[in-house]
Each structure stands twice: as structure tokens, then as C-alpha cells.
Amino acid sequence: MADMRSSIVLTVFSTASGIGKTFLAINIAAELARLNHSVCLLDLDLQFGDVCNYLRLTPTRTIFDAQAALERPLEKFRAEDFLLTYARGRTSFQVMAPPSALLESYNIQATTIERLVTALNHFDFIVFDTPKIFSELSLTVLDVSTIITFLCVADFVPAIKNLKTGFDTLHRFNYEDNKIRLVQNRSDSQKLILTTDVETVLGRQFYYNLPNDFAAARRSIERGCPLVLEENSTALSESLRELVARYINRNSSAAVEPERPTGGIFSWIKGIFGGRS
Ligand SMILES: Nc1ncnc2c1ncn2[C@@H]1O[C@H](COP(=O)(O)OP(=O)(O)OP(=O)(O)O)[C@@H](O)[C@H]1O
Ligand SMILES: [Mg+2]
């Protein structure tokens with residue numbers, strides 16, 4: 001009989017590219033692990049995922065292998081066979097790599113995401129990094145998420161148009177307001193577009209602002225070490241830690257609770273993307 005416990009599912013999503021989704025997902029996972037939570041980070045950027053590159057991990061098994069194993073009864077699924085361990089000092093967390101071949105990515109089914117969330121429910125937290133597209137698969141991820149971090153960078157008008165389309169689309173799913181957290185990355189970088197103008201366009205104030213620190217972000221990726229695990233703290237690493245603390249602080253009204261997702265978009269997306277019944 002499967003364990004009925006549920007993980008808290010934190011997803012980083014955006015409809016803009018190159019804005020720090022992967023960087024943030026990795027740091028959320030690392031910070032949760034640093035705080036002694038058990039964490040599994042899944043790279044769902046199935047075609048061009050960067051999680052393993054950023055963490056200097058060499059995939060041996062991937063989500064493609066896990067999907068095949070999930071065809072068998074769940075009791076036979078051994079999660080550790082499909083996960084890579086990232087370790088730094090006393091902190092460690094697990095990573096599921098995207099398919100190694102581009103063609104394999106087309107075969108990853110949305111139902112695999114639901115099965116994985118069940119099969120990995122012994123983790124305190126599951127963190128998803130995602131690509132910038134709405135697809136049956138990414139919509140399933142959003143549906144099973146406890147919190148969706150919708151990440152923005154206010155630097156480029158076409159990107160803001162895409163963010164607006166994405167944010168409006170998310171609201172059509174009628175999730176609880178608390179489920180979607182609008183986060184601005186590189187908030188203090190020099191830019192021609194005002195934060196307040198972006199908030200007006202999106203119709204919501206930013207829940208949190210992460211500072212710009214190109215050197216620190218680049219250094220952390222070059223070293224394969226999440227910024228929150230580096231010894232020397234920076235304004236950016238402190239902000240990343242504070243964001244995670246907000247997400248898990250149980251004294252806060254904005255804190256997450258480990259509950260089953262209630263959103264009901266899966267039937268809605270079937271109509272749009274022709275999902276399987
Ligand atoms: N707060 C920040 N300050 C400065 N640079 C940052 C910050 N956050 C992320 N970056 C840098 O932005 C670049 C893009 O980050 P990342 O790969 O995480 O973006 P992404 O949204 O996942 O991109 P893609 O759409 O290709 O998946 C990286 O070089 C990273 O170092
Ligand atoms: Mg990415």
C-alpha cells in the first residue's frame with residue numbers, strides 16, 4: 001500500500017526565458033536541504049535543462065528511465081535508482097535529470113508527473129524547474145504544485161508582454177491566490193521599465209524582489225555550488241534564503257501547508273491539449 005503522505009511541491013515557472021528560473025529552483029532546493037529538509041529537484045526543462053550543468057552532475061539515469069519503471073506497480077519503483085545526489089559539505093539533495101536525448105523528451109507523459117509526485121512523496125519537498133511554455137506537461141506540474149513561483153524580470157517590453165499573457169493565463173485556472181507568488185528577479189538592475197509599471201500591467205504587486213548580482217550568480221554556476229551554500233553571504237544569497245524562509249515559515253499566513261493540490265485544471269487542459277483520458 002502506497003504511503004499516503006504528500007510532499008510540498010514548489011514550482012518555479014515563467015513565460016520568459018533566461019530570467020533565472022533554473023538558478024532560483026536550484027537555490028530553493030539547496031536552501032531547503034540546508035535547513036535539513038529532504039528535497040528532490042526535478043528538471044522538467046526536458047529538452048534544454050540546465051540543472052545538471054549548473055550543479056556539475058553527470059546524469060546516469062533520467063526521467064525517461066523513471067517513466068519506464070513507473071509503468072510497473074508503484075511498490076516496485078525504487079526512487080533512488082533514478083536520482084542523482086548533489087552534496088556540498090553537510091548538505092545534500094536529490095536530483096532527477098531530464099532525458100539525455102532530445103527525442104526522448106517528446107515521450108515524457110503528463111501522467112508521469114502525477115505518478116512521480118506520488119512515488120517521491122517520502123520527500124519533504126519536491127522542487128520543479130520548468131521551461132517557459134504552457135503544455136499539457138507543464139500544466140500538470142502547475143496543477144500538482146503547492147506553490148508556483150512566477151518569476152519575472154522587468155527589462156524588455158516583449159518579455160513583459162509574455163509575462164502578462166502567462167500570468168493572466170495562470171489566473172484562469174482559479175487557483176487559490178496564495179498558490180501563485182509573483183517574484184521579481186534582478187529587481188534593482190538598471191532598466192528602463194519601472195517595477196511599478198510592471199505591477200500595473202500584471203495587476204499584482206511583487207510578493208518578493210531578488211536583487212541583481214551577476215558576478216555572484218555566475219560564480220555559483222561556474223563552481224557548481226548553489227549560492228545559498230557558499231560560505232560568504234551576499235545580498236542575493238540572503239534574499240534567496242529569506243524567500244525560502246517565507247515559503248516555509250509556519251508562523252506566517254503566507255506559509256505553505258503540506259496539502260494535496262486542489263486546482264482542477266487537468267480536465268480543462270485536456271480540452272486544449274488533447275490529453276489522454
Ligand atoms: N539575481 C540575479 N542576478 C544576476 N544574474 C542572475 C540572477 N539570477 C540569475 N542570473 C543569471 O541569469 C542567467 C540565466 O539564468 P537561468 O539559466 O537560471 O535562467 P532560466 O530562466 O532558467 O533560462 P531558460 O529559459 O534558458 O531556462 C544565468 O547566467 C544566471 O547566472
Ligand atoms: Mg532554465
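## Confidence and overall content

The model is predicted, and its chain has an average pLDDT of 89, with 88% of the residues scoring at least 70.

Eleven helices and eight strands are assigned in the chain. Of its 277 residues, 42% are buried. Among contacts between residues at least 6 apart in sequence, 76% join residues that are at least 24 apart.

## Surroundings of ligand 1

Ligand 1 is surrounded by 20 residues, of which Ser-17, Gly-20, Thr-22, Phe-23 and Ala-217 are the closest. Helices α1 (21-34) and α9 (214-223) each contribute at least two residues to the shell. The largest share comes from α9, which supplies four residues.

In terms of residue class, the shell around ligand 1 is made up of seven nonpolar, six polar and seven charged residues.

## Helix α5 and its cover

Helix α5 spans residues 110-119, and its buried residues are Ala-110, Thr-112, Ile-113, Leu-116, Val-117 and Ala-119. In an α-helix there are 3.6 residues a turn, so residues three or four places apart point the same way. The elements that cover the buried residues of α5 include the strands β1 (8-13) and β5 (125-129) together with the helices α3 (63-69) and α6 (136-144).

Ile-113 belongs to helix α5. Ile-113 counts as buried because 24 other C-beta atoms lie within 10 Å, and the cut-off for burial is 20 or more. Leaving aside neighbours within four places in sequence, the contacts of Ile-113 are with Leu-137, Thr-140, Val-141 and Val-144. For the pair Ile-113 and Val-144, a separation of 31 residues in sequence corresponds to a C-alpha to C-alpha distance of 8.5 Å.

## Packing of α7 against α8

Helix α7 (residues 157-171) packs against helix α8 (residues 195-202) at an angle of about 35°, and the two axes are 9 Å apart. The crossing of α7 past α8 is right-handed. On the α7 side the contact is made by Ile-160, Leu-163, Lys-164 and Phe-167, and on the α8 side by Val-198, Val-201 and Leu-202. Six of the residues in this contact are nonpolar, none is polar and one is charged.

## Leu-42 in strand β2

Strand β2 contains Leu-42. Leu-42 is buried because it has 28 other C-beta atoms within 10 Å. Apart from neighbours within four places in sequence, Leu-42 is in contact with Met-96, Ile-126 and Phe-128. Leu-42 and Ala-25 are separated by 17 residues in sequence and, C-alpha to C-alpha, by 9.2 Å in space.

## Loop residues

Two asparagines have a backbone feature to be noted. Asn-36 lies in the loop between α1 and β2 (39-43) and has a positive phi of about 70°, although it is not a glycine. Asn-36 is classed as exposed because its C-beta neighbours inside 10 Å number 10, where the limit for exposure is 12 or fewer. Asn-174 is located in the loop between α7 and β7 (180-184); this residue, also not a glycine, has a positive phi of about 55°. With 11 C-beta neighbours inside 10 Å, Asn-174 is therefore exposed.

Glu-230 is partly exposed, since 16 other C-beta atoms lie within 10 Å, a count between the limits of 12 or fewer for exposed and 20 or more for buried residues. Not counting residues up to four places away in sequence, Glu-230 touches Ser-220, Cys-225 and Ser-237. Ala-216 is 14 residues from Glu-230 in sequence, and their C-alpha atoms are 9.9 Å apart.

Key:
Residues are numbered from 1 along each chain as its sequence is written. Chains are lettered from A and ligands numbered from 1 in the order in which they are written. This is a predicted model: local features need pLDDT of at least 70, side-chain atom pairs count only at pLDDT 80 or more; totals for chains, interfaces and linings use all residues. Axes are lines fitted to C-alpha atoms, for helices over the stretch in contact, and angles run from 0 to 180 degrees between N-to-C directions. A crossing is left-handed if the near helix is turned anticlockwise from the far one by less than a right angle, and right-handed if clockwise. Two residues are in contact if their C-beta atoms, placed from the backbone, lie within 7 Å. Ala, Val, Leu, Ile, Met, Phe, Trp, Tyr, Cys and Pro count as nonpolar, Asp, Glu, Lys and Arg as charged, and the others, Gly among them, as polar. A residue is near a molecule or strand if its C-beta atom, placed from the backbone, lies within 6 Å of it. pLDDT is the predictor's confidence in each residue, from 0 to 100.
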